[in-house]
Amino acid sequence: METSLQAPVIPSPAVKDTVSIRKRIRRSFRQIRMESVFKQTLAIAGLLLVILVLGILLTLITQSIPSIRLLGLKFIWGSTWNPVKDVYGAFPFLLGTLLTSFLALVICIPFSVAIAIFLGEYYPTGWFADVLKNAVELIAAVPSVIYGFWGLAVLVPMVRALEARFGVDQPLGVGIFSASLILSVMIIPYAASLGRQMIRMVPEHLKEAAYGLGATRWEVIRHVVLPGTKSGLFAGILLSLGRALGETMAVTMVIGNSSILPKNLFAPGNTMASVIANEFTEADKTVYLSALIELGLALFLVTVIINIIGKKIIDRFTNE
Amino acid sequence: MRTDNIQYRIGKSKGFKILTFVLAFACMIPLAAILFFIIKAGITRINFHFLVNIPRPVGEKGGGIANALLGSVIIIALASFIAIPIGILAGVYLSENKKGRLAYWCRLSVDILQGIPSIVIGIIAYFWLVKPLGGFSAFSGSVALAIMMLPVIVRSTEETLKMLPPSLKEAAFALGMPFHRVIFKVIIPVGISGILSGVMLSIARITGETAPLLFTAFGNPYLSADVTAPMQSLPLLIFNYATSPYNDWHDLAWGASLILLIWVLFLNVFTKLISARWKVQL
Amino acid sequence: MVSLGMLSLLSCSGKSHHLIGAGSSFDNPLFSKMFYSYFQSKGMKVNYQSIGSGGGISQLINRTIDFGASDVPMNREQDSLSPARVLHVPVTVSAVVLSYNLPELRDTLRLSPRVLAGLFLGRITQWNDTAIAALNPGVTLPDLPVVIAHRSDGSGTTNIFTSYLSLISADWASGVGRGSSVNWPAGLGGKGNEGVAGLIRQTHGAIGYIELAFAMQNKMAFGKIRNKTGRFITPTIASISAAANIPMPADGKASLADTDAPDGYPISSFSWVLLYKEQDYRHHPREKAVGLLYLLDWMIHEGQHYSSDLYYAPLSPNAVNAGEAILRSATYDGQPILTHHN
């Protein structure tokens, strides 16, 4: 809805004072000018974000140049990470990142959607809902270091017992599976919170119309509420995925930190973010440091690709 | 129409309700477990002295977390001051421009930003602010945290505002209100609960972040309010103490974690009060 | 904005009473005790953050801190990147112990350098291997697979341990090498000392390397290692200090791995404080340089009293003398800073 630049409102002939007429005209012109200034400010805010991300990309690239020059494409396909001999292959970490993040997402989606529906549809108000809502936000506030410690102290022994039951040959407890479990807990709030907001904002009259036609609660949710909130839910899911891709501390404590390619879900592995966090402060060679930053660049590019694909999927879903 | 068809549909609806309940509550189990873990470990250490003293070395009684508390408050306040206006404005921009090249790239940038690991953002802030200026500062830490807050704020603002009925905006325009008034006096107040929820989530997220502050705010064992100098923060303190070999430092870490959680809870309640006062009911 | 400016002006005046240091996390507990006492007696605030030895070195090179602390001396590349010459002052001695989870053993396990290398290269895979049994006569070793626990994060402790292994095993030197982060042929990674300690505690048959303080605090069993003179040495404060009682080179960069000292524990290492030899540089006024030098002088003398309570080994007399000489060589604009004899 654009209000185009047009002549100011001509005051009624009943107003006799020409000074006040001129004041009103000036005020109207000022407001119109302020409108375009404001619109420009909004655009600048949007532009700022793009510039920020481009700046980050630029810095990452310039700092990775020594390593790119040395290794080239072997960085992506190589499976050995040997800082002593300056052989850096990031493939096991790439695999670990993708495995843990997507597995965590798959595990968390039913729970996030359930919370979103619970708080948005069944119990939008009331003290009980407040408690649950605060609890969900609390999940996001727990420092990742605490998740790591709790994971190591509580979750890993449980997973180890599970692995022993399944007959895995080295039941360690740490591994890709444990990391995915912890991650899935940590990323619940993002999709849940956004989803809940979306569900609450579905207009009442749409739902009432459906009820009026004899739909059950489930059918209203399935056919009225959820379709309307698809874009918001997906945005929340993408946020959750983003969080999972970048999470460092908690993952690093329970993933087993092995640089060998993981053989199955229970094997120890490693993720790009956790390698960076683990080795950055102790990197004592320029090439080593720049290889770690190149890892950050790789993670950045992985996030870009996943987001572009995700957006295409969202577009297809919301325009069906 | 056969009655068992209705019964089946009602049964399905009830079943779905139960499923939703079960899943929603299942999420609370790990949270409860973690809270129990922290409370059991940390409650013994919290008293008045804990909150107002600065840390003492190993073996000395009476250490506290005052510098970390103050530091966290200052760093987070500064980060919010930077991130919230930009985030909300960008969110408004995106909700006003559903199509358009800049909007597409902006949306993509926001989602990418969310996926960048916190340590990479800390490294970036180091290269942009710490290295050129020759020193660590709370300000560079705040900038790093502000960058991390942006995606959640922008996305929640955008999605909330997109869901508002267009009739609201059209009515405001029809009354002759200029665009900025429409946004600030009509659109944002109606969407305030969603926007504030996004803000709260982003603050909750950065309250617990350690990695971005390692190379920016650096840490400080003394009480300091100087934003151009290194400053301590709760998550840094927790990390340093929890990974040390000494049990009394471990206890400090758990006590500090408990304080952190209480603080976030308090922020939540505070936000609800503000949102209730400002909210315009449709 | 104005208030921010005022705040920074107000604090500028106090900045000469501030020193900033960073580096080794191993030194952190000792430094926190030392600097706290120093603040109480001399009023000088020292802000030390444990960001890792490599971090300490690179921040010193970038001149964002006044002094660094490292468990590893600067390597050639770091020397070339540094804008000026850096002095290494030894301030304490650390040791890496081999901790294991074999509750069925009543006596302490005895290990030799060759067996250690074999274990960590993944060549000795069972606890009842003949090589281990030969070192421990009369002990029934269990028929259990060996699980190696190592550090997943870069660390000075790894550097110390792998330097030792490179020294005593040619296979290790050529196959794996030394560094704060290496490509381990076998085993699991744990984050930080507590990660490795946790792995050891939770896995029956695990063996890994951790700092002495961790092992003592967590009451974990650790092994006796055979040193160069053939004795099996238990890592204690005394044996670690003894390892450092060797003739010191002028630049202080002595390696204690596989030490010649007869009663010395072989997997020991100095921890150094790093500072620029010429203290006149950007953002570094004379008062700071003087404060820094007196602080370091105090650290290698009175500060050593705090070591043993925290499971750090105090410096040997040789090391203190070497440190004094190195500190005396520091200059400001060409003039030596320390003008007294302590």
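Across the interface of chain C and chain B, in a model that is predicted, five residue pairs are found in polar contact, both residues being at pLDDT 80 or more; a polar contact is a pair of N or O atoms within 3.5 Å, where within protein one must be able to donate a hydrogen and the other to accept it, and residues adjacent in sequence count only if both atoms are side-chain atoms. The elements that give two or more residues to the side of chain C that touches chain B are α1 (2-12), β1 (18-23), α2 (28-42), β2 (45-49) and α10 (212-217) of chain C, helices (H or I, at least four residues) and strands (E, at least two) being DSSP runs numbered from the N terminus. The largest share of this side, six residues, comes from α2(C).

Y265(C) is found in the loop between α11 (237-243) and β11 (268-276) of chain C. This residue is buried, with a relative accessible area of 0%, where buried means under 20% relative accessible area, exposed over 50% and partly exposed in between (1.4 Å probe, protein chains only). A polar atom of the side chain of Y265(C) lies 2.7 Å from the backbone oxygen of V96(C). The C-alpha atoms of Y265(C) and I225(C), which are 40 residues apart along the chain, are separated by 7.4 Å.

Residues are numbered from 1 along each chain as its sequence is written, while chains are lettered from A and ligands numbered from 1 in the order in which they are written. Local features need pLDDT of at least 70 and side-chain atom pairs count only at pLDDT 80 or more, whereas totals for chains, interfaces and linings use all residues, and side-chain values use heavy atoms, with hydrogens and water left out.
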